[in-house]
Amino acid sequence: NGEQLHQLSQGLNGTLPELNQLVDNLTNTVHLTSTPRCITRPAPSLSPPKCIPMERHVIRPPPISPPPDSLPLVDGAAHVMQREVWMTTFSYLSPRDLCICMRVCKTWNRWCCDKRLWTKIDLHRSKSITPLMLSGVIRRQPVSLDLSWTNISKRQLSWLINRLPGLRDLLLSGCSWVAVSALCSSSCPLLRTVDLQWVEGLKDAQMRDLLSPPTDNRPGQMDNRSKLRNIVDLRLAGLDITDASLLLVIQHMPVLSKLDLSYCNHLTDHSINLLTAAGTSTRDSLSDINLSDCNKITDQCLIYFKRCGNICSLDFRYCKQVTKEGCEQFIAEMSVIVQFGQVEEKLLRKLS
């Protein structure tokens, strides 16, 4: 019919499986209208219809041949500017402007989709994550992806991380634990930054599942290490976690440098003692730690932080039991080794 012919004309830019499916659908329609037999319809699928487009959505592979080095003109000649000059120009454009340029011609479409122009993709607070958005992310292969405060599902996130081997920074603050649990898979890329602030339902038990080695390894895959072992920047603000989660962090994140524990109200001075104890990797690796609004932290924790040789920033703002006098005493005692200053009240920074 007319609608399917329209779909077929639109599908001319698609992949071969997509074209075959459209042709089959059109052939079946013609056959049914020309044959008076009564054909029993198959039983409806039990899976939710909204998940079908995502699972069957085909992503075009990258071009086999490299992009052209020059822009062909209407008269057959080549534009005087070479591709790398255009790429330098495109690098100054916003994502919105790049998308507009992709609609100019096929050559610009390929150039503007170069992953060097899309190292960071920001989708935070998007009202919904659609299959078209997912395929666009895969095509651009970002290094940093911000999905904070979106309604992304576990199925969608699993589909994404399976196809983003070069992803290094993933921001999921405000998402649900059900979605974040996709990171428990053996297909999770080796991330450097993970933002899990205010993730709903993320507690000690979920942290254990997240940081433990994955249990779905393929046959012959003998790696028993955590998939988050390369994390340098971990953000856990607002989570209902205790010392049990910190012990897991110490065990599975040997190169952790920045740690955000603000608004984690179950943490105490003993928690800091664990992080800075002799023999722990965090004692030497931690450089920045945020403990703002942790109301059970006291001046005692400042004594523990003297053990950390690489500490550069300590944030105790709005900690009711950490005093200004205690911070000044810490600065005075550390001055023998390294100079610290109070940038703001209870915000201590190493002076260059």
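Visitor: What is the bridge partner of Ser 70 in β2?

Guide: In β2, Ser 70 has Gln 82 as its bridge partner. This is a predicted model, in which local features need pLDDT of at least 70, side-chain atom pairs count only at pLDDT 80 or more, and totals for chains, interfaces and linings use all residues.

Visitor: Why are β1 and β2 said to pair?

Guide: Strands are DSSP runs of E with at least two residues, helices are runs of H or I with at least four, and both are numbered from the N terminus. Two strands pair if DSSP finds at least two bridges between them; β1 (residues 70-72) and β2 (residues 78-82) have 2 bridges, and therefore they count as paired, here in the antiparallel sense. Their hairpin has 5 residues between the strands, and Gly 76 takes a positive phi near 95 degrees.

Visitor: How do you know that β12 pairs with β10 and with β11?

Guide: The bridges show it: 3 of them join β10 (residues 313-315) to β12 (residues 347-350) in an antiparallel arrangement, and β11 (residues 340-344) is joined to β12 by 4, also antiparallel. Leu 348 in β12 is the bridge partner of Leu 314, and Leu 348 is also the bridge partner of Gln 342. Glu 344 stands opposite Leu 347, and the hairpin of β11 and β12 has 2 residues between the strands, with Lys 346 in the turn at a positive phi of about 70 degrees.

Visitor: What makes the pairing in the sheet of 10 strands mixed?

Guide: Strands of a sheet pair either parallel or antiparallel. In this open sheet, of order β3-β4-β5-β6-β7-β8-β9-β10-β12-β11, β9 (residues 288-290) and β10 pair in the parallel sense over 3 bridges, with Ile 289 partnered by Leu 314, whereas β10 and β12 run antiparallel.

Visitor: Why are β3 and β11 called edge strands?

Guide: Each of them, β3 and β11, pairs on one side only.

Visitor: What makes Arg 140 count as lying over Trp 118?

Guide: A charge sits over a ring if NZ of Lys or CZ of Arg is within 6 Å of the ring centre and within 35 degrees of the ring normal. Arg 140 lies over the face of Trp 118 at 4.5 Å from the ring centre, so the distance meets that limit.

Visitor: Which residues do ring pairs link into a cluster?

Guide: Trp 86, Phe 90 and Trp 108 are linked in this way, and the structure holds 6 aromatic pairs, where rings of Phe, Tyr and Trp (its six-membered ring) pair if their centres lie within 6.5 Å.

Visitor: What makes up the lining of the second largest pocket?

Guide: Its residues divide into 9 nonpolar, 2 polar and 6 charged, where Ala, Val, Leu, Ile, Met, Phe, Trp, Tyr, Cys and Pro count as nonpolar, Asp, Glu, Lys and Arg as charged, and the others, Gly among them, as polar. The largest share, 6 residues, comes from α7.

How values were computed: Residues numbered from 1 in each chain as written. Heavy atoms only, no water. Phe/Tyr/Trp six-rings, centres within 6.5 Å; stacked < 30°, edge-to-face > 60°.
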